[in-house]
Amino acid sequence: MRAILALTLLCLVPLTALAEECGVREAECPTANGFYRLVLPEGASGTVPALVFLHGGGSTAASVTGNTAMLAELSARGYALIAPEGQPRPSRPNKNWGVHDNRAHPRDDIAFIAEVLDDAALHGIDRDRVLLAGFSRGGSMVWDIACHAPASARADAPISGAFWEPLPEGCEAPIDLFHSHGWTDRVVPIEGRSFRDGTVVQGDVFAGLTVLRRTNGCNLRQPDSAPMDATGNLWLRNWTACASGRLDLMLHPGGHQVPKGWLTRALDWFEDRLAEGDTRLCRTGC
Amino acid sequence: MRRLLVTLAFCLAALPAAAQPACGDRAAECSTEHGFYRLAMPKGVTSPVPAIVFLHGWGGSSEGMMKNKAMLATLSARGYALIAPEGVRTSPQRDQKNWAVRDGRDYERDDLAFIAEVLADAAARGIDRNRVLMTGFSRGASMVWDVACHMPKAARAYAPVAGAFWDPLPEACEGPVDLFQTHGWTDKVVPLEGRSVAGGTLTQGDAFASLRILRDANDCDPQMPDTAPMEADGDLWFRNWTHCPGGRIDLMLHPGGHSVPAGWLERALDWFEARLVDGS
């Protein structure tokens with residue numbers, strides 16, 4: 001009996017090991033302080049660009065890699081998907097991100113994401129072509145990383161989440177950032193929402209953009225263009241002539257969601273950023 | 001010859017006096033201690049009547065306001081008077097009229113006091129002080145914001161178009177208000193985020209930050225609107241804060257630029273009458 005058990009274990013161990021090879025969606029890629037999931041594009045050779053997508057509060061990395069439509073589009077465009085897993089909340093199974101929100105969090109998630117990206121680089125990710133995105137609480141984590149560790153990714157595309165209070169006075173360096181938000185979002189409203197008797201408060205998106213404009217030297221305040229798409233369903237504001245970097249805002253009529261067509265639009269925007277060279281460092285007077 | 005000249009001068013002096021229209025006629029200037037305004041009373045209505053105060057934009061005039069026949073027709077049909085106060089010259093050398101908005105500069109006239117003076121005078125001429133909607137465009141809208149914030153009881157409600165506070169933004173306001181803000185998404189003269197002018201010495205405030213200050217004045221908690229509807233064709237985007245204890249705030253964004261959007265007056269009057277029905 002004991003021998004059978006041992007044999008069974010022997011069989012199970014290699015099987016599990018095979019299934020856990022980092023780079024396929026079923027696998028967990030461990031790092032010192034957590035894990036992430038990585039899905040490389042099919043037929044990729046050499047280094048590939050990547051989309052990092054931070055899941056929403058209470059979700060998981062597996063739910064991100066379970067989005068087959070997203071994976072198909074990324075793979076078709078030659079991108080890898082990196083889906084880091086949030087940290088457990090104290091006494092709750094839901095996964096969370098260590099957003100700067102007045103509370104103490106068990107893990108430093110700015111350091112964790114840096115760790116994830118270092119590890120992903122060993123698996124074929126091009127560190128210079130990383131777009132950092134995230135939804136809801138994950139979108140807020142993107143804002144934090146963009147502000148406090150701006151060199152982490154080439155550009156940032158948060159959705160339905162921004163800074164939490166207290167808002168930072170300023171950020172470390174200019175960035176390229178494309179923010180999307182639903183006009184009728186009631187979970188993370190554009191103006192934010194408060195919890196726990198007002199001690200934990202989602203920040204105002206417009207106030208957050210003011211902080212980023214200050215960082216990028218958008219001294220004109222106003223956007224260079226504020227187009228609407230043909231149907232009038234998307235309202236955009238583009239700050240393209242700041243001293244450094246670029247900011248884009250897209251409001252859509254929906255609620256707390258990733259709007260239809262977001263991935264295509266975000267990748268197009270990202271590739272425009274790659275094509276124009278690194279304007280985060282210098283646009284005018286250099 | 002000399003006698004003829006004197007007679008002529010006498011006639012010239014007397015003629016305008018004889019033809020001088022009285023306050024209440026849109027051609028007339030209604031004088032107050034620190035300036036003047038124009039008043040157009042609705043036709044065939046017994047006073048007291050409700051009124052809309054409209055503060056002209058920078059460089060505009062009360063005379064220009066009174067030339068807006070479509071506006072006057074709508075107001076008259078709905079039984080409203082139009083009160084068009086006149087701003088003051090931007091400088092002795094320049095004829096453009098301006099408002100003493102709190103923007104870090106000093107102004108000779110205190111326009112909060114002037115507006116109060118205008119309303120007191122208009123009340124003596126048949127305006128119902130309890131049914132005054134204060135509106136304005138651009139720099140005039142910024143003056144409306146200042147009145148709403150620093151003298152909130154001046155009017156029953158406020159409906160500024162294409163203007164907000166200037167920097168430095170006030171820390172807080174005197175009391176709650178009902179306010180309906182209208183702004184163009186593509187406004188490049190007074191953009192939603194504001195703009196620096198006069199070589200960076202003056203800065204238009206951010207409309208969203210301005211609204212936040214009003215939400216605090218109205219004790220809005222949460223900060224999110226109760227509803228954020230869009231018109232069927234997607235051309236107008238609204239945010240309505242209807243449950244704040246102190247008062248109600250509404251924002252309407254339209255696709256246009258620095259303009260009063262089509263249909264604004266009817267919408268503003270409908271909104272105002274709903275506030276009158278609500279009670280204070």
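A:Asp156 stands opposite A:Leu177 in β9(A). This is a predicted model, in which local features need pLDDT of at least 70, side-chain atom pairs count only at pLDDT 80 or more, and totals for chains, interfaces and linings use all residues. Residues are numbered from 1 along each chain as its sequence is written, while chains are lettered from A and ligands numbered from 1 in the order in which they are written.

Strands here are DSSP runs (E, at least two residues), numbered from the N terminus, and two of them pair if DSSP finds at least two bridges between them.

| Strand | Partner | Bridges and sense |
|---|---|---|
| β8(A), residues 155-159 | β9(A) | two, parallel |
| β13(A), residues 246-252 | β9(A) | seven, parallel |
| β8(B), residues 157-161 | β9(B), residues 179-184 | two, parallel |

Over in β13(A), A:Arg246 is the bridge partner of A:Asp176. In chain B, B:Tyr158 has B:Leu179 of β9(B) as its bridge partner.

Chain B has an open sheet of nine strands with mixed pairing, in the order β1-β2-β4-β3-β7-β8-β9-β13-β12. Its edge strands, β1 (30-32) and β12 (237-241), each pair on one side only.

Methods
Helices (H or I, at least four residues) and strands (E, at least two) are DSSP runs, numbered from the N terminus.
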